[in-house]
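This report describes one protein model, part by part. Please look at the sequence and the structure before reading on.

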Amino acid sequence: MTAAGIDRLGIGMLSVFGLPPVELVNLAADLGCRFVSAALQGMPLVPLGYPRFSLTDDAGLRQAVLAAMDDRGVRISLGDGFLVLPGADVRAFRADLDVLAELGVPRINVVSLDPDVPRSFDQFAALTDLAAQLGIQTLVEPVPGLTVGDLPTALAAVDHVARPDFRLLIDTMHVVRSGSSAADLAAIDPTRIGYAQLNDTTLRPRTENYMEEAMFERMVPGEGELPLRDILSVLPSDIVIELEVPRRQLALAGVSPIDRLRPCVGAARRLLSEIA
């Protein structure tokens with residue numbers, strides 16, 4: 001196992017269902033991971049008793065997060081939760097981007113809920129320009145059922161924006177369920193891929209509602225049917241590999257975040273060691 005393989009693992013915010021950010025930083029460090037993703041507004045998706053939080057409004061919380069990151073050697077690798085919405089302008093995100101810049105966040109992720117594809121692409125470009133003014137890169141994530149629902153559409157968005165700081169986020173569940181393969185990923189210029197989210201699932205849907213499964217019940221890497229080794233082997237070797245493995249059933253049964261995620265971290269390390 002190379003040190004690089006360990007060093008690029010992160011814990012995704014979706015995996016912990018609204019766990020406050022200082023606790024998430026400590027969780028990642030306790031698991032030996034250097035990165036976390038974060039949303040500015042914490043709204044628990046599962047009734048686990050976590051308080052709501054706002055990194056945008058709470059300067060004290062921001063300082064606590066910065067102190068925890070410095071103390072534990074963890075960084076926020078991704079600001080998540082940026083949405084293109086019908087009739088809304090992404091330039092309204094300026095204050096949120098200022099907060100992420102204060103926290104040293106290097107990149108954000110955006111998806112579109114606006115069915116107007118050309119407008120979505122233009123909004124991606126506007127957001128990328130806005131974020132770049134603060135030294136923040138922008139990623140687009142193809143998600144089945146959303147406006148950018150597959151890899152070809154995401155690549156078209158990258159072509160439209162035509163900036164090196166607008167790249168792809170590859171989520172293993174989404175990319176496979178939308179019909180793409182490791183060979184499709186291998187055919188992409190690696191400089192166009194900026195981040196990955198690792199998880200497993202079955203090839204066929206387990207529920208009628210795709211987003212229900214995606215948001216709440218994914219599988220430990222290696223316990224499903226996705227070709228994870230093949231996918232990881234063709235992704236750039238220097239990008240963050242974030243574990244996005246929400247497991248609601250276990251959470252509601254009282255299994256702690258560290259116990260839900262420890263097997264995921266171990267599985268990710270094994271996979272990365274096999275392709276090193």
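The model is predicted.

## The barrel

Both E7 and E8 belong to a closed barrel of 8 strands. The order of the strands in the barrel is E1-E2-E5-E6-E7-E8-E9-E10, and the pairing is parallel. On average, neighbouring strands of this sheet are turned by 30 degrees against each other, with direction ignored.

Strand E1 (residues 9-11) and strand E10 (residues 241-243) run parallel and are joined by 3 bridges. In this pair, Gly10 of the chain stands opposite Glu242 in E10.

## The whole protein

The secondary structure comes to 12 helices and 10 strands. The radius of gyration is 17 Å, close to the 19 Å that the globule rule gives for 276 residues, so the protein is as compact as a globular protein of that length. The C-alpha trace spans about 45 × 45 × 40 Å along its principal axes.

## The largest pocket

Empty space is found by rolling a probe the size of a water molecule over the atoms. The largest pocket holds about 1,000 Å³ of space. It is lined by 46 residues, and those closest to its centre are Met13, Ala39, Asp80, Gly81 and Leu83.

Which strand gives the most to the lining of the largest pocket? Strand E5 does, with 6 residues. Several other elements each supply at least two residues of this lining, including H2, E2, strand E3 (41-42) and helix H4 (94-102). Strand E6 (107-112) and helix H9 (210-216) also each supply at least two residues. By class, the lining of the largest pocket has 30 nonpolar, 10 polar and 6 charged residues.

## The cavity

How many cavities of 30 Å³ or more does the structure hold? The structure holds 1 such cavity. About 30 Å³ of space lies in the largest cavity.

The residues that line the largest cavity are Pro21, Leu24, Val25, Val36, Ser37, Ala38, Val65 and Ile76. Helix H2 (21-30) and strand E2 (35-38) each supply at least two residues of this lining. Both H2 and E2 also each supply at least two residues of the lining of the largest pocket. The lining of the largest cavity divides into 7 nonpolar residues, 1 polar residue and no charged residues.

Technical notes. Residues numbered from 1 in each chain as written. Predicted model: local features only at pLDDT ≥ 70, side-chain atom pairs only at ≥ 80, totals over all residues. Heavy atoms only, no water. 1 Å grid on protein atoms, 1.4 Å probe; cavity = no way out; pocket = protein on both sides within 12 Å on 5 of 7 lines; lining within 4 Å. Points joined across faces, edges and corners; volume = space filled by probe spheres on them. Helix = DSSP H or I, 4+ residues; strand = E, 2+ residues; numbered from the N terminus. Nonpolar A, V, L, I, M, F, W, Y, C, P; charged D, E, K, R; others polar. Pairing = 2+ DSSP bridges. Axes fitted to C-alpha atoms, helices over the stretch in contact; angles between N-to-C directions. Rg over C-alpha atoms; globule rule 2.2 N^0.38 Å.
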